[in-house]
Each structure stands twice: as structure tokens, then as C-alpha cells.
Amino acid sequence: SPPQALSMNELQEITDDISKLTIVHEIVLNSDFKLQAASFSPKSLQNRVKETLHKAFWDSLEEQLSASPPDCTQAIQLLQEMKEALLSLLLPWHNQLRSQIEGALDMELIRQEAEHGALDIHGLTTYVLGTMARLCAPIRDEEVRGLQRLTDPAQLLREIFRVLGLMKMDMLNFTIQSLRTHLQDHTIQYERKKFQELLDKLPSSLDCTREWLRKAAAEVSASSSQLPPHPAVGGSPAAHSPGAVSSSTTVPSLMSVLNRGYMNLLCWEPGQKEYPETLFMDQARLQDVQAQVNQLTIIAAVLLVTSGMCGSTLCGSPGFVARLKRVTKVLLEGLSCTRYEEALEDISDQVLQEISRTLSQLGYAAFTNDKCASLKGQIKSIADKGNAVRHVIDQRIRSFLSLFVSPDGQNSQKGFPKGLDPIQEELLGVGRRFGSVIHHNRQ
């Protein structure tokens with residue numbers, strides 16, 4: 001039977017669950033995760049509306065405070081919000097300070113003073129600034145001190161309100177940082193529970209994941225069937241008997257299928273297919289790893305081709321390989337695979353310039369025109385995915401990264417793959433990031 005349509009309330013519940021799941025997942029996997037105030041493009045409609053409304057509010061406040069006698073209606077509203085903001089910054093054990101704020105910013109008393117024309121806005125803002133100085137993070141000290149130099153009441157209230165907003169964001173991020181360790185201990189169970197709830201509501205929501213695993217299983221089975229049969233132990237005739245089970249019919253293990261599926265993510269073509277639903281929350285992270293792998297493949301291939309042409313004397317010159325690596329990385333930065341061809345044109349020119357400069361410094365003869373043309377052609381040919389050097393480097397990198405996918409794979413690494421020494425630090429970093437994401441999802 002066709003799936004039942006979901007009501008708007010059910011859709012909203014699912015959206016809320018996905019949002020919560022995504023936030024928890026991001027906090028645990030992204031050590032740099034921070035909440036930030038919403039920002040709009042300066043020319044956007046949202047920004048123009050926001051600025052117009054804010055200007056109208058603050059202009060009205062200034063007009064009220066400048067009246068004779070002053071109208072404190074909006075100022076009292078701001079003081080109420082400032083009080084709530086200060087209280088939200090307190091930790092559970094700040095009982096004495098909480099009582100002080102409640103007493104100093106007694107809103108009923110403030111309203112009565114305003115009605116009798118005795119409201120001391122300067123005194124109240126001075127108290128607020130003093131409390132902010134006690135509660136703010138060190139990064140806000142200078143901003144709070146700057147507020148103490150303001151004399152215009154409307155401007156001061158506006159700036160206090162702004163800095164309090166920043167302090168609230170600081171407190172939220174501090175809380176997130178404090179909870180990260182606790183969340184790491186419980187997030188697996190939470191994600192499993194929430195994901196199962198979503199699956200119960202949307203039974204057909206894993207179609208892409210199933211297809212991703214089917215493809216991986218087919219590849220594992222195909223590669224297994226191409227392996228030579230194991231020789232029979234002691235020449236046992238059982239290995240050749242009609243009833244013997246061929247290795248080609250062996251069902252691939254779940255571990256091998258998952259490992260192949262995770263490695264296939266590093267070859268995911270844009271627009272190829274929908275990403276597996278189980279990895280939606282990590283798609284950006286995994287695509288960033290994929291982009292870094294592609295970049296490191298090109299860098300290592302360029303360095304290998306160049307070293308083959310230049311020899312150990314030139315490549316052993318202090319800083320030579322590091323300079324080639326740096327300029328290659330800069331010229332590849334932010335480029336998609338489709339733009340590698342034009343980038344390698346520039347890279348080949350820069351490599352030849354560096355070779356010429358280093359040869360001159362070492363007192364060696366410059367490369368002949370034919371040798372320069374040959375090296376330039378070899379570097380440019382790396383843009384072709386079928387290039388032999390690029391293919392070998394790519395296979396070695398992926399073989400190395402596969403160790404980070406397997407739970408115990410990293411422990412079996414005996415040495416760094418040949419030809420990848422110049423990118424060892426970067427490749428280890430990529431491997432750890434990749435392994436961290438995969439390890440979390442595997443659980």
C-alpha cells in the first residue's frame with residue numbers, strides 16, 4: 001500500500017527532530033563548532049528591513065529620552081531585557097549575584113520612579129556595566145570598558161544591548177564546550193534512538209543508503225571472485241569435488257561492504273547520485289576530505305614527476321621540495337577537479353622557474369629547452385585521471401586511508417607509502433579526520 005501522507009504537525013516534528021540531531025552531531029564531531037548571530041548580506045532585503053526597524057526603534061528611544069519631561073517607556077523595556085540577559089549569564093552557584101541583580105534592577109520600583117520623574121538611568125546603566133565587567137569573557141573586556149566612556153543615554157543603552165548579545169553568545173558557546181565531553185559519551189545512543197524514530201515515521205527514507213551498500217557489496221563480491229582460489233591443504237580432493245563451495249559464491253562480510261562503501265565516498269562524483277541518507281549530516285565534512293585527497297594526489301604526483309626529472313642532487317637541496325609543494329598547493333587551493341588542467345599549466349611554469357633559480361644558486365647548468373618542454377608536458381598530463389603517475393599516487397593514498405576506515409587498520413601500518421613522504425603530515429591529518437567521521441557513523 002502507498003505510504004500515508006504526513007500531516008503538517010508530523011512534518012514539523014520530523015523537521016525539529018532532524019534539527020536537534022544535526023546540532024548534537026555537529027557539536028560532537030566539530031571541535032570548532034560555535035553558535036553565531038544570524039547575519040545577512042548588506043544589500044539583502046532582510047538586512048534592509050532589520051536596519052530600518054532598528055533605526056526606528058533607537059531613534060524613538062532618543063526622542064523619548066530627549067523630551068521634557070523624559071518619556072522612559074522604551075528605556076524601561078530595555079532595562080527589563082538587560083536584567084534578563086544578565087540573569088541568563090549567571091551560573092547555578094551565583095546566588096548572591098542573582099539576588100543583587102534582582103534588587104538593583106527591581107522593575108516595579110523602576111516603574112514607580114519613572115512615574116514620579118525620579119528614574120536615575122545613569123545610575124542603573126553604571127550598575128549594569130559593572131555587572132557586565134564581572135561576567136564577561138576576557139575577549140569582551142575592552143568593549144565593556146569602551147561603553148563606560150559613552151555619555152549619551154540612548155547610545156549607551158544601544159551599545160549595552162549589543163554587547164550583552166555578544167556575551168550571551170559567548171555563554172552559549174562556553175556551555176557547548178563544557179557539555180561536549182558529556183555529549184560524546186551519550187550521543188551514539190541518542191542518535192540511534194532519534195534515527196530509529198525518524199525511520200519509523202519515514203520507512204522509505206533509506207533508499208539511497210540501500211543503493212550505496214548494494215553497489216559496495218557488488219564490488220566486494222566482484223573483487224573476491226577475481227582472486228585465485230586457495231590451494232587445497234595437503235592436496236585434499238575435497239577442494240576439487242563437485243560439492244565444494246567456490247570462493248566466488250562467498251557472501252561478503254558486512255565489515256568489508258561497509259569499508260568499501262566508505263572508501264567509495266572519496267570518489268563521489270558531483271551529481272552522481274543522492275548521498276546516502278545515513279551520512280547526510282557528514283556530507284560536507286566528507287566532501288571536504290575528498291577535495292583534500294584530490295589536491296594531495298596532484299601535489300604528490302607533481303613532486304614525483306619533478307624529482308624523477310631533477311634527480312636527488314637538486315631535490316636534496318634545502319627547501320627545494322618544500323617550495324615546490326607550497327606553490328603547487330597555493331595554485332590548487334579552492335579549485336575543483338574540473339579546473340586542474342589550467343592550474344597545472346601555471347604549476348608547470350612555477351616549477352620550471354624554481355628549478356632554474358635553484359640550479360643557478362647551486363652553480364649547475366640550466367635545463368635544455370627539450371628537458372623543460374618534457375617536464376612541462378609531464379606535469380600538465382597529470383590533469384588526465386588516467387595518467388600513470390597520478391593513478392599510482394591515487395591508489396597509494398586510498399590504500400593508506402583505508403587503514404583509517406578499518407577499526408584496527410592503523411595499527412597494522414608498517415611504514416609510510418613510497419612517494420608520499422612530502423605530503424605525510426597533511427595525509428595523516430586527512431586520515432584522522434576521515435577516520436573520526438567513519439568511526440562515529442560505524443557505531
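# Notebook: helices, salt bridges and a cis peptide bond

I began in helix H15 (residues 388-405), where Arg398 and Asp394 are four residues apart and so separated by about one helical turn. The model I am reading is a predicted one. I looked up the contact between the two side chains and found a salt bridge, 2.8 Å from N to O. I then checked burial: Arg398 is buried, and Asp394 is buried too. I noted the general point that an α-helix has 3.6 residues a turn, so residues three or four places apart point the same way.

**Entry: a pair in H9.** I looked up Arg210 and Asp207 next, and their side chains also meet in a salt bridge, at 3.3 Å from N to O. Arg210 and Asp207 are three residues apart in helix H9 (residues 207-225), which puts about one helical turn between them.

**Entry: a pair across two helices.** I turned to Glu426, which forms a salt bridge with Lys325; the closest N and O atoms are 2.7 Å apart. Glu426 belongs to helix H16 (residues 424-442) and Lys325 to helix H12 (residues 320-332), so this pair ties together parts that are 101 residues apart in sequence. I put the two accessibilities side by side. Glu426 has a relative accessible area of 22% and is partly exposed. Lys325 has 19% and is buried, because the cut-off for buried is under 20%.

**Entry: salt bridges over the whole structure.** I asked how many salt bridges the structure holds. The count is 22. I also recorded a network of salt bridges that links Arg140, Glu143, Glu159, Arg162 and Asp170.

**Entry: the span of H11.** I compared the length of helix H11 (residues 283-315) with its end-to-end distance. H11 has 33 residues, and a straight helix would reach 48 Å at 1.5 Å a residue, but the end C-alpha atoms of H11 are only 38 Å apart. Where does H11 bend? I found a bend of about 80 degrees at Met309.

Entry: I looked for nonpolar residues on the surface and noted a patch formed by Leu45, Val49 and Leu53, with about 300 Å² of accessible area together. Val49 sits in helix H2 (residues 45-66). Val49 is partly exposed, with a relative accessible area of 42%; patch residues need over 30%, so Val49 passes that cut-off. I then followed the chain to Pro69, which is in the loop between H2 and helix H3 (73-88). The peptide bond from Ser68 to Pro69 is cis, and its omega is near 0 degrees.

**Entry: chain totals.** I counted 16 helices and zero strands. Of the 443 residues, 34% are buried. The chain exposes about 26400 Å², of which carbon and sulfur atoms supply 55%. I took the contacts with a separation of 6 or more and looked up the share from residues 24 or more positions apart, which is 72%. The bridge between Glu426 and Lys325, in parts 101 residues apart in sequence, is one link that I had already written down.

Key: Residues are numbered from 1 along each chain as its sequence is written. This is a predicted model: local features need pLDDT of at least 70, side-chain atom pairs count only at pLDDT 80 or more; totals for chains, interfaces and linings use all residues. Side-chain values use heavy atoms; hydrogens and water are left out. Patches are made of residues with over 30% relative accessible area and no salt bridge: like charges are joined within 9 Å, nonpolar side chains (Val, Leu, Ile, Met, Phe, Trp, Tyr) within 5 Å. Accessible areas come from the Shrake-Rupley method with a 1.4 Å probe; for residues, only the protein chains shown count as cover. A salt bridge is a side-chain nitrogen of Lys or Arg within 4 Å of a carboxyl oxygen of Asp or Glu. Buried means under 20% relative accessible area, exposed over 50%, partly exposed in between (1.4 Å probe, protein chains only). The expected span of a helix is 1.5 Å times one less than its number of residues. The bend at a residue is the angle between axes fitted to the seven residues ending there and the seven starting there. Contact means heavy atoms within 4.5 Å.
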